[in-house]
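Welcome, and please open the model in your viewer. Keep the selection tool at hand as we walk from stop to stop.

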Amino acid sequence: MLPSRRVLAARMLRAAWLPALILLILWYLLLTCYVMGTSPTFWTLGLLSILFEPGYFAMLARAVGFSPSTLGLAYLLLPVLGTLVSLALLPVSVHRVATMDPRAHLTEEDFQRCLARRAAAPLMIPPLAAIVLVTVLALTPLSPHWQSLSAGVLAALSAGLLWCLLAWLAMRGRLSATQLLEVPSPAAQLGIWDRSTRTVPAAERAQRLAVLVTQDRRHLPPVPARLEPGPAELLVHAARSLRWIAGAALYWVAPVALPLSWIIFTVQDLVVVIHRLTSTQTFTVARAEQPWQVFAFGVPLLLVLVGLVALTPHLAMLLAAGTRDAVTDERTYPTWEERAARNPWEVRVVNLTGVLVSLQALLITAVYTVLLLAAGAMSTVGWVWAAVDVLLLVPLLGLGASWAMRRRLRDVLYGPAGRYVRRRTPFLLVAPEGGIAPLRHVAPAGPARHASHADPYRAADAEAISQGILPDFGAAADEESPREDPHRIPDTETGLHRHDPPR
C-alpha cells in the first residue's frame, strides 16, 4: 500500500502533532489528578481561600506534602517529558501498522479500525504505566503523597482512567487509514463506486465490491468436535472470550462506571473533610480511608468473576445444543438480523452469554455485600455501590458481552478470519521494510497476478454477489473435510488444491 516503511514513518510523524497535543493535555490532567488525589476537597477549599489570601498557596501545598518549587517544576517538565516518551514509541506504531496484511481482514472497515488501534495503542503505554506505578506505590510506604487508596486517590484514579479513554479515542481518529495511507473510508469508497459504476457490468461491480468485503467461511454451529475442546484449547477459547468481552466493556461499562466512580468517591471525600472541619474546627488534611476488607474481599472476587466471564461463551454453546437442528443456514450473513433469522443456535449462544454474565456479576456483588456486612465494613458508600452495580453496571456488562459475541463468536471458536479466507484486495502488506524494489523479483503482485489465473468460480460468485446471493461454501471450513494442510489458505471457494505461495 506504501512504497516503504520510511514513507509510513514520515506520514505518521506529520500526523503526530495532534496526538502530541492530546498527550500533552493528558499528562497535565494526570498530574493534576495526582496532586488533587491527596485530598480533593481540601485542595478545592484551599484554592478558594487563595483568592482572598494569595500567600496561602505555599502553606496549602506543604500541608499535603508538596513544596511549591517542586510542584511548579513538575508542572513545567513532567507533561513535556511524558509526551516525548510517548512519541518515542512512534517506531513501534510504524512497525505494528506496516506489518498488517489487508487481506486477512474480512472487510475494509475492520482493517481500517484495526490499523487505527495499532497506531494509537503504543502511545498510550506511558500514561497507563504511570497510573499503574502510582497505584502500586500507594500500597507501599514508598509513596510520598498517596499513603493509601483513600476516597480521594480512588477518585483521582477514576478521573485519570477516564481521561486516558477519551485520549485514546481521540488519537485513534487522528491516526486513521485516511491520514496515514491516504485512502478513503469504506463508506466513501462504496459511495464513489456506487456513483461511478452505474454503467459497469454486474460482474465487474461485484469484483470491486469484493475488495471491500468478503464472505466469512467460519460457519456456525461448528462441527461437534470443536465444542469438546481439550484443556489447552479450552484455555485458548477462554482467553479469546475474555479479550473480546473486556474490549466490549470499554464501550459499554467504562463510560458509565468511571464518571460515577469519580462522583461517588469525591462526595465521600467531601463528607469526611467537612465532618472533620466541623468537629475539630481546624483546617487540616483529612482523608477518607477505605476499610481493608474492601480490597481483601473485592480483589479475589473480581478475579473469580473474570474467570467465570471467560468461560461463559463456551458454557452458552453447550447449553444451546438443543437448537442446533433448527438452523436453516450456517453461512455468515453480513448483518445480525439476517443471521438471527436463519441461525437460532447463534442467537441462543449470544443471548445466553449476556444473561449468564449478568447473573454471575450479580452473584459476585451479592457475595461481596454479604462478606462486607459480616466483617462490619459495609458503609453508606458500599450500599451506594451495590445499588449502582445492580441497577447499571451489571446490566451493561451483560449487554456488552452479548454485543461482543454478536461480532466475535467466530473469533472465539475458530480464531482470526484470515486463517480461512483472504479478501481480494490487491495489496499484500501495508509497507515493506526495505521498499518495494527488492520484492519485485520474488513474485508479481496486485491485479496482474490475479489476471493470469482464469477462474470460472470467481465469475460465478461475482454474478451471485451482484444479485445479493451469498455463495455456498458448504463444509469447506469444517474439520471433517479432507485437506492436505489444515493451515493453508485456499485461493478460491472450491479449489482447495491451490493456494498462494508463501510470502
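This is a predicted model: local features need pLDDT of at least 70, side-chain atom pairs count only at pLDDT 80 or more; totals for chains, interfaces and linings use all residues.

Residues are numbered from 1 along each chain as its sequence is written, and side-chain values use heavy atoms, with hydrogens and water left out.

**Stop 1: salt bridges**

A salt bridge here is a side-chain nitrogen of Lys or Arg within 4 Å of a carboxyl oxygen of Asp or Glu. The count comes to 10 salt bridges.

Select Glu109 and Arg113, whose side chains form a salt bridge at 2.7 Å, N to O. They sit 4 residues apart in helix 7 (residues 108-120), about one helical turn; helices are DSSP runs of H or I with at least four residues, numbered from the N terminus. Glu109 is partly exposed at 41% relative accessibility, and Arg113 is partly exposed at 39%. On this scale, buried means under 20% relative accessible area, exposed means over 50%, and partly exposed lies in between (1.4 Å probe, protein chains only).

Now pick Asp216 and Arg218, with their closest N and O atoms 2.9 Å apart in a salt bridge. Both of these residues are buried.

**Stop 2: Leu123**

Go to the loop between helix 7 and helix 8 (125-138), where you will find Leu123. Leu123 is buried, at 0% relative accessibility. Leaving aside residues up to four places away in sequence, its contacts (heavy atoms within 4.5 Å) include Pro19, Ser86, Met171 and Leu175.

**Stop 3: rings**

Rings of Phe, Tyr and Trp (its six-membered ring) pair if their centres lie within 6.5 Å; planes under 30 degrees apart are stacked, over 60 edge-to-face, and the rest tilted. The whole structure has 5 aromatic pairs. Select Tyr28 and Tyr75: their ring centres are 6.3 Å apart and their planes are at 25°, so the pair is stacked. Tyr28 lies in helix 2 (residues 17-36) and Tyr75 in helix 5 (residues 68-87), so the pair ties together parts 47 residues apart in sequence.

**Stop 4: Trp244**

Which residue has its charged end over the ring of Trp244? Arg243 does, 4.2 Å from the ring centre. Arg408 lies over the face of Trp244 too, at 4.2 Å from the ring centre. This label requires NZ of Lys or CZ of Arg within 6 Å of the ring centre and within 35 degrees of the ring normal.

Methods:
Helices (H or I, at least four residues) and strands (E, at least two) are DSSP runs, numbered from the N terminus.
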